[in-house]
Amino acid sequence: MSAASHQNFGQKSKRVVNEATVKWSNLLLKVAEHDRAAFEQLFVKFSPLIKAFANKQAGADKGVNMSEELVQETMVKVWQKAPSFNPEKASASTWIFTIARNTRIDLLRKNARHFVNKATSIPGNDQQDDGFDVHDIWIENEDEDIFNQLVKQRNSEALHEAMKALPEEQSFILKKVYLEDKSHSEIAKELQMPLGTVKSRVRLALNKLSLSVDR
Amino acid sequence: MVKYHPDTRFLTDYAAGSLPESQALCVAAHLHYCSGCRAKIRELTQLGAEFFLTQEPEAVSDDSFDRLWQNLQKQETSAARQTHPQQESATTPDTTKATKTTTNSPKSAQELPQAIEKLTRGNINSLKWRNIGKSFRFSNIPLGEQSRETTLFHIKAGGNVPKHHHGGDEITVVLKGSFSDQEDHYHVGDYIVRTSGESHTPVASQDEDCLCLASLDAPIVMNNWFYRVLAPFFNRPTAW
């Protein structure tokens with residue numbers, strides 16, 4: 001009896017998660033058909049998260065305020081790329097996060113390049129770049145190979161629960177990695193700990209989340 | 001079969017978007033050949049999205065959506081005026097790539113990672129190469145980043161890289177062919193990290209030329225051959 005009700009509860013909570021995932025995915029599919037109302041709903045949900053994401057990044061407090069710019073540029077791309085969104089391949093939130101991440105890299109590269117060019121003041125050098133677009137290096141398109149290997153996406157709720165159960169020192173570092181735009185070396189420097197310690201904390205955390213660890 | 005892979009540190013920083021460009025280029029090159037690591041990146045990116053969702057939302061300005069919408073309307077009318085029927089910005093590079101590769105060498109086109117294809121335009125001889133000795137040459141890749149040197153190097157079949165000593169760390173990804181050093185034999189896709197203080201002499205296999213991508217930590221110590229060779233070019237704007 002109690003086992004049965006447990007199972008019921010499990011199914012119920014799973015369905016709730018799926019409903020949320022399905023909701024954002026369906027909105028994105030409508031955006032692909034130029035549905036303004038659907039786009040506005042996505043905007044209301046995601047733009048405050050993109051803004052928070054921009055404000056947490058290193059350098060945000062050094063006068064380089066790109067938060068509104070990141071919101072605008074990311075959402076423009078969401079609108080433009082929506083036709084290529086495939087709910088079978090990614091959840092709407094992962095898809096939007098990937099675009100926000102790449103747009104952030106892009107804006108930072110543009111700022112850095114502008115700064116470097118200004119500093120070295122090579123005339124007419126403003127347009128010079130290495131010729132790579134961000135998506136040449138951070139590939140956005142998911143390939144079929146991977147989908148044949150993985151049966152389906154990890155259950156978002158289960159991952160979420162596991163994240164909450166992480167020890168503070170581990171989730172603290174993962175947040176720096178993912179939200180503050182800091183590499184392992186930068187974190188090591190900031191927290192004045194050896195790079196190996198940062199690496200092992202991240203590895204321990206990923207292990208607890210049953211995610212990729214070194215072979 | 002790819003044997004050497006980037007460790008969790010490289011993969012996590014890449015998925016989070018914080019890995020500096022030079023190393024990210026190496027990871028991307030490895031991912032091109034390794035579906036196992038691509039699957040890991042997918043998981044790590046999903047984790048990033050979960051952290052993204054747990055953030056405290058920050059209100060955007062009131063007119064944010066209206067500005068966005070006007071912007072999109074403007075872009076769409078100007079796109080329509082140019083009689084470009086709604087071309088996705090994401091598909092544009094692919095189209096140019098496809099045209100370029102058909103004019104050059106179509107077969108090698110799919111062999112190399114996307115960024116390297118773009119760089120070489122389907123033909124590695126289109127790059128500016130510097131020779132050292134008879135069997136070794138390299139071509140510097142100018143990235144915006146100052147702290148590392150990024151370079152393609154090419155060893156003729158049976159030839160070797162001049163003996164050198166690593167002042168900083170060096171990442172090498174094999175793109176074509178294979179090479180060996182005292183420790184192992186490395187094949188296409190292998191991602192090899194050498195740390196400061198190691199000394200080695202890579203030799204290409206006898207039957208095939210070897211093309212590699214490398215990212216070197218700077219400043220490189222004075223007794224390093226790479227430094228001596230590259231030093232005169234550090235401040236020169238490179239065109240390719």
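Reader: In which order do the strands of the open sheet in chain B lie?

Author: Strands of a sheet pair through backbone hydrogen bonds, either parallel or antiparallel. Here three strands of chain B form an open sheet with antiparallel pairing, in the order β7-β6-β10. This is a predicted model, in which local features need pLDDT of at least 70, side-chain atom pairs count only at pLDDT 80 or more, and totals for chains, interfaces and linings use all residues. Residues are numbered from 1 along each chain as its sequence is written, while chains are lettered from A and ligands numbered from 1 in the order in which they are written. Helices (H or I, at least four residues) and strands (E, at least two) are DSSP runs numbered from the N terminus, and two strands pair if DSSP finds at least two bridges between them.

Reader: Which strands of chain B stand at the edges of this sheet?

Author: β7 (185-186) and β10 (203-204) of chain B do; each has a single partner strand, so one side of each is left without a neighbour in the sheet. Strand β6 (residues 179-180) of chain B pairs with β10(B) in the antiparallel sense over two bridges. In one of the pairings, Phe179(B) has Ala204(B) of β10(B) as its bridge partner.

Reader: How many residues of α1(B) are buried?

Author: A residue is buried if 20 or more other C-beta atoms lie within 10 Å of its own, exposed if 12 or fewer, and partly exposed in between, with C-beta atoms placed from the backbone. In α1(B), nine of the nine residues are buried, so this helix is largely enclosed by the rest of the structure. Among them are Phe10(B), Leu11(B) and Tyr14(B), but also Arg9(B) and Asp13(B). The cover over these buried residues includes α8 (168-179), α9 (184-191) and α10 (195-208) of chain A, together with α2 and α3 of chain B. After α1(B) comes Gly17(B), with a positive phi near 90°.

Reader: How many residues of chain B are in contact with chain A?

Author: Two residues are in contact if their C-beta atoms, placed from the backbone, lie within 7 Å. By this criterion, 58 residues of chain B meet 73 residues of chain A. The helix α3(B) gives the most to the chain B side, with 16 residues. By class, that side has 28 nonpolar, 16 polar and 14 charged residues. Here Ala, Val, Leu, Ile, Met, Phe, Trp, Tyr, Cys and Pro count as nonpolar, Asp, Glu, Lys and Arg as charged, and the others, Gly among them, as polar.

Reader: Which residues have the most contacts inside the largest nonpolar core?

Author: In soluble globular proteins, nonpolar side chains tend to be buried together. A nonpolar core is a set of buried Ala, Val, Leu, Ile, Met, Phe, Trp, Tyr and Cys residues joined through C-beta atoms within 7 Å. The largest has 62 residues, and Val173(B), Leu175(B), Cys212(B) and Leu213(B) have the most contacts inside it. Its largest share, eight residues, comes from α2(B). Beyond residues up to four places away in sequence, Leu175(B) touches residues including Ala29(B), Ile116(B) and Val188(B). A second, separate core of 29 residues includes Val31(A), Phe39(A), Ile96(A) and Leu68(B).

Reader: Is Thr172(B) buried or exposed?

Author: Thr172(B) lies in strand β5 (residues 170-176) of chain B and counts as buried, with 23 C-beta neighbours inside 10 Å. Leaving aside neighbours within four places in sequence, Thr172(B) is in contact with Ile192(B), Cys212(B) and Ala214(B).
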